[in-house]
Amino acid sequence: MAETSEISEQKAELEKGFDPNTMRKTKPGVKRLALTLSVLFSFLLGFPFLWKSIEIYRAPLPFKDIDSLSERITSNPLQFPCGFQAIFVGFGSKTYEELSRLEYSIFNRMTGLTSKRTQCGSCSSNFSVSVTFDSDSSCTQKGHNPASYHCGEIKNVDFNADDEVVDDELEFVLGRSYSKGKKWYTVIVVNRDKMIKVAIGKYRHAWIVGSVSEEEAALRISEIFTKVFMNGGNEEDVIHGEFMPVGADGKIVLSFNLLNADPQDWIYDWDFDRIEETMLSPVLEALGHIANISVESQVLYHTPKSSFSHWDDERGAHIFSVGDLPFFVNSNEWHLDTSVAAGGRSKILHFAVYIPSAKECPLLLQVPDGDISETNGFISPMWGGIIVWSPPNCSRDTESNYQTRRKISSHDLQMIYEVFMGQLRQLFGLTSHNLFIGRSGGAIKLASEKGFTEWELDFLSRQHACSNLHSCSTTLSSLSRLVQSLPRMIIMEEIGKQVEFSLEAAKQAESDASLGIFYSSAGSSRQARSLAEDAFFHPSIMSVSYYSFEHCFAVYSPFFLPVSLHVILAALREWKRYKQEKTKYLTWVTKSNAAAS
Amino acid sequence: MPKEILEYWPHLSAIGVGASVTLPGLGGDIHGQYINMSLDPIDWPMNGPFSSTLGIRSALNCGLSKVEEKFTEELLLKPLPDRKVLAHFHFESTAPRTQYYGRHHHLFPKAIAQLVQKFSIREMELSFTQGRWEYESWGGYDPISSSSAKPPGVELWAVFDVPVDQVDASWKNLTHSLSGLFCASINFLESSTTYSAPELAFHPASVNLRYGTLPREAVCTENLTPWLKLLPCRDKSGISSLLDRPSIYRGFYHSQRLRLRHVKIRADAPDSDTVLEQTLTVVLQPNGIRSKESHSSKRKLHPTWSMSSLFGRKIEGRCALAKSSNVYLQLERDLVAEMKRLKEKRKIFDISVLNEDLIENPAFEISIKPDLVLREVLSSQTESSSLTYEYSIGKSASPNTFDLSFTWKSPVAWSCRKPPLRASRFLMGSGNERGTIAISLRSMGPDEGLNVSDMDKERCVLPVNIFQVVPWYIKVYFHTLKVFIDEKPMSVLDAVEKIHISPSEDKVSPGVMEMVLKLPCGVKSATITLEFDKGFLHIDEYPPDANQGFDIPSAIITFPNIEASIYFDQEITLKDLPLLSSFQEKNPIRYYTEVLLVPLTTPDFSMPYNVITITCTVFALYFGSLLNVLRRRVSEEERLHNAKGKSGPLSRLIAKLRRSKEIQPQSTTTSSSLFSSKLILKIIMVAAIAICWQYLSG
């Protein structure tokens, strides 16, 4: 009992020093603090779930693969392996050392002739040369040619015969030794007492006939190899790869138009279906490895040109000069561009024959040096070509108002077709001269009925593969940039698939290229490009229906802003109060302890 | 050698005998050419290696004799009873179905041939129309009105030559291609809610037929230009050069039409030819060269017109590519009869005998004498037949320019041939919930309609086809179909011979009603009514201007047994005159009703966001107050309050209010003056706040 009285005494003593404003006797409760904090934490925990629930679907894109592809393409342009073989006939027997010296000299010269910069789609850094001496008595070969040429076979070829015959016979002899994959380009040197004659065939070989020394032959051989077989016979080192006129879906529509400037004067018609049947179809077949080509034609009327021409007394003709060419195509009146066949992203190449009206007939094109152009035509890269064809005699018959429809004579049509073909070749980046002039001398080029010789097609498919891969990688990398810059854009599963397949096809094209299978490489690269374009131009990407962050914020802020304000304020207040109360309690405790002691 | 050549020219064998004969020559050419062709490489273009194909030349020459593509142009002018003039342009291109069809063309538009080829179109008609054809004053019983009078906006129907399950896909692709070709929003017809497949009441009945309309499509020059692009001469020469845009679009009615058909021109031909018929029908008001004296008789006189006053242009020669180029002037039966009556009257005064073709007559004068007068052949002799004057452009004596003018000399009143029944369609009921569609057919008067004797009238039956498409948001109850004949209700079974209904499916397909009514011949009026409910659309489905209302496409009313054909007395070379020969075809009379405008309830389009905002605010309020209640310490607050007394201005105010509340019961009893003064003060304060608010927000 004494204790209790003591305690009550103590209490009374304490009661005196108790200030309710600064002290409290009980421990502050944590109930409300726990409540507000738990609400705050559950709020914070809820945020990731909300974030997840408003997330939009994005198919995972292989960004890393895309980057590595574009890096590969830019740093290490696509290179094809090429094999060259030189066959010397009638040079007598040689020792192995002489042979290897000759091979080394050809190889050196070729390396000197190829440009230093490795160009995409060429084989300037990856070629092999093999040399064979074929004489009556012996046969020496040097070089790693798996499809070895069988000595003695070339003797059956009669080099005195017509070039076409020689070409076909050589193809017969050499064609057997071509393996399926890598193509070998061959130059045959036949030593005999005659004027030197150099011819390049329409397959993959050339021949030099005449009295020629080994050194001179080596010079010529290396030039033919590098300038013709490697670079498609272009004198200048321009690479047209970027300007390959092939649509993104690998299709070309050749649209041929006959433009009658003024049908009141005369109306010309043509039998284009015949041209297609007899002349165009082998060309299209030959180009089939590069693009899927369709042909259509129409005749248009009332299509004046939009540039001016002036009368030249000396020539007795109307002249238009090269400076007028940009204004020649009258896009208001020439309705060339209607083709349902060219759906989507096909390339349309327009070829137009312009028939001038009576008041500007005959119409001739003057080239910058003052001469009259022989073909009277011009091309516009990636657009097509135009030929001006003036009617035979520029007089209109005024008697009848109703014009009879005249046909362009088949001879003229033939000429027009030839110019068209030349223009098509130019659009593909090939020259159309039938002479090749090198530093060491000229060579005759044989023409193919297909319009394109096989070595030209090889060159084109190399270029095509390269340009396709290039554009595929740029398309894919710009797609990846776009996707990464818009984090809230929906990306369909299909786009992811297309990108994946495109990368696969690109890889296939690269591996085919390294094996030297040109056509297959061109095919896969075409597929890669078309898939990449499909992905880039997918309708779902084009639409603007992406759920932007601003939109999201505007929808959710009316709820989350006030609520979060409440929750955070409540938590802060409770926390402040708890601390305050705790200090109160602690002061009381210290005080009571002091009193107790 | 020939063997190898053949390898490179495998297609040569396809050419036939002519080609194989030339083969040896061809071989020689290939071998011999290239050396001669060595030219200077400086000249930049090329004529090098391709000469090797010279041998083909001979192959080019031998060709099969083939049917040529053909183009004709025609214009028909017709004075209308209501002082207006009808101009009907008709251009027709024909292309034989060769193996090069769709790829190589000379006259026929390549774009259209490619469409036909790609989508296997058997028949197609596309029309762009502005204005409404007035059947009563412009005629409803002639070939032009039954084929060229079209509903406002765009109408498209097509029959496809594909398996039934692919028809919809072809239709969708076709609409997209056409919308690109004609710069119009035809692609809206792609959605399955906008097109239908009529089976019964539409003219070329087929399973592969699809039909769609866009009543609200605005038609203007951007649609005309691509249409003109399909003509070989465009609007550069020939009859189409009359198409001066401002004068055409100033007209009362404008309908530009494109019709594709396949016609077997020769019986022995393996394939039928594609015929592309492009017509442009305009109704123009002549500017009327007003004569100075304006007494009453002159006022009744029809305005004088000429081609140059109507169109502001003249025809400067024919299109050089057209096989025939003709202008017609048509005088209607009633006008001819009126002329004859006038002639009889004049005969009393002077004895100038008028010739039958009425070229010289007292009522009007034509500036150019026609090349040919075509008279209509009638079964009955009682009526006078209509006359058609034919002018052949380019053949007429006058040099090149052709400007026909038509001068009225004395007032003439006549009426055109009216359709057997006049149709109109209207809405009944009010409100945004439900309504009734009524289609009413009225007889045009006792003398018009069918020439049936009274005896036959009992048995005779007039079949009438009605084809009505209703969008899905107009939910029609087909069981409420009621038929009234001569204002007496009839049972549906008695009045309807055949009926085909495909009810609408929400957001999938429109409702289609096709029925064949059998009306007694002497019918005065017939009405059918259908009740409907208005549906709700999803917010995304409303068009930009939703408050304007929604269009129900025109109903098509066809009289299958009555043909609007004109037969001419001169059988001659009508084959080369496609417009006149099309008059002789059997065209059933077709009548389009008005487009109905149905107002639907349109929501406030900012609604979703408002709803979101309000809901969120309410939730936030609830949440916040709940949290406050949970952490509130009532006892402590009271203690603090008691201890502190007045502290902040806010708490002081609250305290004051509380106190006044406590006092109030007493004060009201004690002093009413204090209460009233305080109350008035409060009211004034509230009013001031309200005024401020109004002022600031307003």
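This is a predicted model: local features need pLDDT of at least 70, side-chain atom pairs count only at pLDDT 80 or more; totals for chains, interfaces and linings use all residues.
User: Which residue in β16(B) is the bridge partner of B:S306?
Analyst: B:S405 is the bridge partner of B:S306. Residues are numbered from 1 along each chain as its sequence is written, and chains are lettered from A and ligands numbered from 1 in the order in which they are written.

User: How many bridges join β9(B) to β16(B)?
Analyst: Two, and the strands run antiparallel. Strands here are DSSP runs (E, at least two residues; helices are H or I, at least four), numbered from the N terminus. Two strands pair if DSSP finds at least two bridges between them.

User: Where do they sit in the sheet?
Analyst: The open sheet has three strands in the order β9-β16-β12 of chain B, with antiparallel pairing. β9 (305-306) and β12 (364-366) of chain B each have a single partner strand, so one side of each has no neighbour in the sheet.

User: OK, what about β17(B) and β18(B), parallel or antiparallel?
Analyst: Antiparallel, over eight bridges, with β17 at residues 421-428 and β18 at 434-443 of chain B. B:L427 stands opposite B:I437. The two strands form a hairpin with five residues between them, and B:G429 in the turn has a positive phi of about 90°.

User: Switching to helices: at what angle do α13(A) and α15(B) pack?
Analyst: About 10°, with their axes 7 Å apart. Axes are lines fitted to C-alpha atoms, for helices over the stretch in contact, and angles run from 0 to 180 degrees between N-to-C directions. The two helices are therefore roughly parallel to each other, a label for angles under 35 degrees.

User: What sort of residues make that contact, by class?
Analyst: The contact has 13 nonpolar, four polar and no charged residues. Nonpolar covers Ala, Val, Leu, Ile, Met, Phe, Trp, Tyr, Cys and Pro; charged is Asp, Glu, Lys and Arg; the others, Gly among them, are polar. On the α13(A) side, A:F559 and A:V563 are among them, and α15(B) brings residues including B:F619 and B:F623. Contact takes C-beta atoms, placed from the backbone, within 7 Å.

User: Which parts of chain B does UniProt list as "transmembrane region"?
Analyst: The unreviewed entry lists residues 609-630 and 679-696 of chain B. UniProt positions follow the numbering used here, feature names are shortened, and annotations may be inferred rather than shown by experiment. Residues 609-630 of chain B are 100% helix, with end C-alpha atoms 31 Å apart. Residues 679-696 of chain B are also 100% helix, with an end-to-end C-alpha distance of 26 Å.

Key: Angles under 35 degrees count as roughly parallel, over 145 as roughly antiparallel, 65 to 115 as roughly perpendicular and the rest as oblique. Two residues are in contact if their C-beta atoms, placed from the backbone, lie within 7 Å.
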